[in-house]
Amino acid sequence: MDTLFEELLVSSMNDFNFNQGTNQNIVEASSHETNHPQLSDSNLVSVGDSPGSSSADSFNATLKYLSEILMEEEDLERKFLILEDPLALQAAEKPFYDLLGQNYPLSSNKGENSSSDHVQSVDHFRRSTGEASSFCHMGKTQILDLESLECNLLDEQKGKRSLEREYGESEEESRKSKQSAIYSDDSEATEIMFDRVLLYEGDTTQSTVSTVRQKSSQNHQAKGSGRKVRFPKKEGNDKKEMVDLWTLLTHCAEAVADYDQRTATEQLRRIRQHSSPCGDATQRLAHYFANGFEARLTGKKTASYSALVSSEMSFADILKAYQVYITACPFMRMSYSFANQTIKKLAKNVRSVHIIDFGILYGFQWPELIQRLSKTPGGPPKLRITGIEIPQPGFRPSEKVEETKRRLENFCERFNVPSEYNVIAQKWETIRYEDLNIDPDRDELVVVNCLYRLKHIPDETVVMNNPRDTVLKLIRRINPDLFIHGVVNGAYSAPFFMTRFKETLFHYSPLFDMFDTTVPRQEEYRLKFEKAVYGRDIENVMACEGLERVERPESYRQWQVRNTRVGFKQIPLDQEIFEAVKNTVDSSYDNNFVVEQHGEWLLQGWKGRRIYCLSFWKPT
């Protein structure tokens with residue numbers, strides 16, 4: 001199913017726009033021409049030096065990179081199924097032969113050459129349908145994650161009960177079940193989706209989008225002047241429901257803090273009655289806080305934290321969920337764009353750029369920069385990337401980071417940018433200066449990049465030696481030309497449980513409200529993202545103590561003190577880039593998103609809440 005996203009992307013999304021942020025933006029597309037020009041790597045994204053066009057460039061490049069990863073995952077999964085089941089091979093191959101007007105061969109030795117024949121038939125089909133041309137440049141318009149179409153088809157086939165089983169309110173069943181909640185395609189829905197893609201006509205796709213619009217409008221009201229959309233209430237009115245949930249959460253937190261098992265259990269029961277992972281923003285928020293309270297009361301061990309691993313989601317689902325997130329809100333997109341444009345301006349007259357990325361994850365930030373560097377007059381500089389990540393649990397701690405290395409190297413090769421890549425997968429406070437391969441005599445621009453990940457490093461309240469300052473001192477010793485530091489502006493790392501509860505509730509309530517305004521409630525990958533990211537983090541903060549509590553953010557003012565103390569000074573924001581970023585958010589996203597400057601910090605938030613903060617530093 002992953003390749004369907006790319007085909008639908010071209011056929012449906014040329015005129016997509018986040019017009020003032022109604023939640024129908026995730027499922028709506030304007031009418032468009034049926035014929036599309038063939039695209040190549042040279043014109044996938046029009047990369048220039050204008051800050052005004054860079055935000056779309058960054059977004060297009062990131063989603064292109066995401067789509068390619070999803071295609072790889074689909075190919076691996078399909079080949080695995082082929083090797084497992086020869087009947088599945090026939091079922092997979094025959095539609096391609098029929099589409100190409102060829103007879104399906106039924107030779108006795110079919111099994112011997114099954115894998116190679118299937119790959120050839122798929123490749124031939126892709127070439128004939130122009131699958132390589134799956135991404136287009138859109139200026140101010142945005143790209144829609146049309147996996148919501150797939151989700152709606154599944155709803156038609158399975159009904160709402162399937163989602164209730166996966167995300168349902170019965171905690172009794174979830175405690176007993178130890179199986180991963182991994183998404184699997186319904187065969188009939190998949191076939192319908194496949195036909196809609198392959199037999200694409202302009203009217204057909206428009207009809208599909210109209211169907212999704214109707215399904216979305218059944219569960220959503222017009223946003224009006226920023227008013228939040230409500231989930232159909234279970235009992236009472238919405239206001240009473242919201243007040244009750246906040247009050248119940250507070251009473252339950254007080255009982256948990258006092259180790260009052262009886263009262264806490266009763267409050268949890270009442271919260272479960274009125275909360276749901278499929279409800280409105282407050283209901284979802286209450287559901288995940290209840291999970292955290294329950295884990296704390298029962299002493300349930302939470303899964304080992306890793307930015308790269310989710311025990312309940314496949315890798316493809318993680319990427320699709322992230323796709324929904326970066327499409328629905330501008331936080332990461334604007335951070336990537338601002339950082340990359342700043343690097344590009346500094347790299348005008350250098351022969352080499354060395355980026356040391358603390359928390360590279362899947363490398364989503366760098367495809368747009370690679371494309372920009374490829375357009376450098378006189379030829380691109382050499383790009384050296386040192387990708388640093390928290391080790392993955394298990395026997396192969398650097399597996400995912402090695403995959404990121406391979407993909408970025410391929411991206412550099414495609415755009416003729418000379419590159420060198422180094423992987424480090426270990427605890428950040430144990431990294432030595434010598435591990436980074438820095439040559440002070442080399443004529444290169446050294447940039448340290450760390451966006452929203454230092455909150456996972458323990459601080460002085462947990463470990464005597466303060467690993468957080470150890471990492472900052474290492475960055476200072478690197479003596480970079482530029483240190484790009486993004487922080488999550490939160491104060492929920494306090495040692496006292498009730499203080500931590502109130503700050504966590506204050507921090508996550510606007511995030512759930514943001515999703516409720518910009519993404520339809522039935523969007524499956526919104527549910528997956530909230531469960532795997534927000535739900536996991538809330539549970540970690542509420543249930544864990546000591547080194548097991550990994551989520552430890554600080555306010556941007558606290559980070560400013562830390563950075564200054566280790567020997568950094570803040571440099572001014574580029575006003576041209578700032579205005580371009582602000583104009584993009586104002587014109588393309590919901591009007592509740594906020595972009596502002598405070599001192600030399602770029603602040604992004606929702607309805608006045610400052611959530612993501614970006615700054616630039618250099619050694620004193």
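# A tour of rings and charges

Start in helix 19. Select Glu530 and Arg526, which sit four residues apart in that helix, about one turn. Their side chains meet in a salt bridge, at 3.0 Å from N to O. Colour both by accessibility: Glu530 is buried, and Arg526 is buried too. Keep in mind that this is a predicted model.

**Stop 1: a charge network**

Now select Glu460, Arg468, Asp469, Glu554, Arg562 and Arg565. Salt bridges with shared partners join these residues into one network.

Zoom in on Arg565 and Asp469. Their salt bridge has its closest N and O atoms 3.3 Å apart. Arg565 belongs to helix 20 (residues 556-565) and Asp469 to helix 17, so this pair ties together parts 96 residues apart in sequence. Is Arg565 buried or exposed? At 53% relative accessibility, Arg565 counts as exposed. Asp469 has 11% and counts as buried.

**Stop 2: Arg500 and Glu545**

Select Arg500 and Glu545. Here the side chains meet in a salt bridge of 2.5 Å, N to O. Which parts does the pair tie together? Arg500 lies in helix 18, while Glu545 lies in the loop between helix 19 (524-543) and helix 20, so the bridge links parts 45 residues apart in sequence. Arg500 is buried, at 0% relative accessibility. Glu545 is partly exposed, with a relative accessible area of 32%.

**Stop 3: a charge over a ring**

Next, select Arg609 and Phe506. The charged end of Arg609 sits over the Phe506 ring, 4.0 Å from its centre.

**Stop 4: aromatic pairs**

How many aromatic pairs does a search of the whole structure find? The search finds 27.

Select Tyr452 and Tyr612 from that set. Their rings pair edge-to-face, 4.8 Å centre to centre and with 90° between the planes. Tyr452 lies in the loop between strand 4 (444-451) and helix 17 (467-478), and Tyr612 in strand 9 (residues 609-619), so the pair ties together parts 160 residues apart in sequence. Tyr452 is buried, with 6% relative accessible area. Tyr612 also counts as buried, at 11% relative accessibility.

Move on to Tyr492 and Tyr508. This aromatic pair is tilted: 5.8 Å between centres, 55° between planes. Tyr492 lies in the loop between strand 5 (482-488) and helix 18 (497-518), and Tyr508 in helix 18, so the pair ties together parts 16 residues apart in sequence. Tyr492 has a relative accessible area of 0% and is buried. Tyr508 is buried as well, at 2%.

**Last stop: the ring cluster**

Notes: Residues numbered from 1 in each chain as written. Predicted model: local features only at pLDDT ≥ 70, side-chain atom pairs only at ≥ 80, totals over all residues. Heavy atoms only, no water. Phe/Tyr/Trp six-rings, centres within 6.5 Å; stacked < 30°, edge-to-face > 60°. Helix = DSSP H or I, 4+ residues; strand = E, 2+ residues; numbered from the N terminus. Buried < 20%, exposed > 50% of the residue type's maximum accessible area, 1.4 Å probe, protein only. Lys NZ or Arg CZ within 6 Å of the ring centre and 35° of its normal. Salt bridge = Lys/Arg side-chain N within 4 Å of Asp/Glu carboxyl O.
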